[in-house]
Amino acid sequence: MDTMAVEQNGINAVPESERHGRPRDLFWPWAGSNLSLFGVAFGVYIVGLGLGVVPAIITGAIGYALSFLLVGLVAIAGARSGVPTMTLGRAPFGYQGNKLPAALSYLSNVGWEIVLVTLAAQSGAAILGRLAPGIPPTTATAVCFAVAAVVVIAVGVYGHAMIMVVQRYLTYAFVVLTVVYMILMAPRLGVSLETTAGPGGWVGGIIFAMTLLGLGWVNCGADYSRYLPSDSRPRSVALWTMLGGALPPMVLLVFGVLLAGGDPTLAEAAGGDPVAALAGALPTWFLLPYLLTAIGGFLAGAIMDIYSSGLSMLALGVPIRRHYAVLIDGLLMVLGGYYLLFVSTSFLGTFQAFLAIIGVVMAAWAAVFLVDMWRLRDGGRSYGGQNQRADRERLLRPGAPALHWPGLVSLVVASIVGLGLITSADENIAAVVGFLMSHELRTGTFGAANIGVVVALVVAGALYYLLTAFTRRGDRGTR
């Protein structure tokens, strides 16, 4: 595929003639998008649950692997069908019913684009302030914001082939710079942490790690595997997706945990603002490479989000070409980023809390999607077999069944339960979540773990399995 050609495929099934590559190619986009320096802060967060060095590393690693295993399982559907994630959701939810999760997926992707580009601009401005103190802060922020937005939009417009190449080379650069960075910071690392939490803290650490990483990507899993040949080994597709998404941030997780053990003051500062705090501890000569590492990590994630958000817009039924959808998303990203950087002083925290709510719904969606894929994997129904092409076209056209009630009921019920078991630092949002927990649970380790995300995952999957056991596959809903 020509890297410099704008991708023409939208939510249609990618033709076999255009499908290429190997499952191990999936390592690079997922690795690049999860090498943000916020991975260091994640290690600090897990330690904050009362876990020592070894328990924090073990629970974090398990949580990362489990959450990105879900992304890998979703990716299998993309390789089998050649269709992006939120379009495949028409199978368990119906052609019209799928618009609910597709809209939430769109909001989530665009929201994270805004947050990541904003963080890239703020990070760049903070570091430029040390490199060139004479530059006004507003000017430095504006320049970094403009560069970040242009890069993200341009790569998103070119599409899949460009993303696969860019993410590969970004990963190479991040790995080298991160290793140098960790060597410079090695004297500040230590293991002087005690475990004060009981067995529940270990469980909470695993759940918390899952919510920090892979569960935010489940609605994008098939978007990057759909160009693989349809006969790609499912296990390899899932494995390489999981390794790419979980392995690199595990290194940053370990670093964050060891930093909390060796320099608690710096670790606490890094938990709130990792880029600025960690930059303050570096020699001046490494600030420019550090700047590239910090900004590049955020942009890699934003690139993945803007591509998937364009596909989610098309899954909603908006009749435009994929690259035009990306341009619309880019405009929203610029407007939102401008508001966060130059107008609002408090909106960012509220907006991130709103995205946590969407995360609960996306976890429930993932469970329904995966149960549907597993139940229907045989017989050439939705994701493979001799009738794959006919079934795929049936799901894509407007005349497909409009609503599939088992999927919608499972999604709504599980989301309500999940929202009742999460907390928020934002007072307004805290008033509408956590309603299934007592005050003691909300303010303790249980509440901090946001267990509702995983509960929503389990409830949705179990409920959808039971409901579909009493419905016939041929009667998927009403037109």
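## Overall make-up

Helices (H or I, at least four residues) and strands (E, at least two) are DSSP runs, numbered from the N terminus. By that rule, the protein chain has 21 helices and zero strands.

The model is predicted: local features need pLDDT of at least 70, side-chain atom pairs count only at pLDDT 80 or more, and totals for chains, interfaces and linings use all residues. Residues are numbered from 1 along each chain as its sequence is written, and side-chain values use heavy atoms, with hydrogens and water left out.

## Burial and surface

Of the 479 residues in the protein chain, 58% are buried (under 20% relative accessible area, 1.4 Å probe, protein chains only). The chain exposes about 18,700 Å² (Shrake-Rupley method, 1.4 Å probe). Carbon and sulfur atoms supply 67% of that area.

Contact means heavy atoms within 4.5 Å. Among contacts between residues at least 6 apart in sequence, 86% join residues at least 24 apart.

## Helix α3 against α9

The axes of α3 (residues 53-81) and α9 (residues 199-212) come within 7 Å and cross at roughly 45°. Axes are lines fitted to C-alpha atoms over the stretch in contact, with angles from 0 to 180 degrees between N-to-C directions.

From α3, the contact uses P55, I58, T59, G60, I62, G63, Y64, L66 and S67. From α9 come W202, G205, I206, A209 and M210.

## Residue N98

N98 sits in the loop between α5 (90-93) and α6 (99-131). N98 is buried, at 0% relative accessible area. Leaving aside residues up to four places away in sequence, N98 touches M86, G89, R90 and F93.

Key: Buried < 20%, exposed > 50% of the residue type's maximum accessible area, 1.4 Å probe, protein only.
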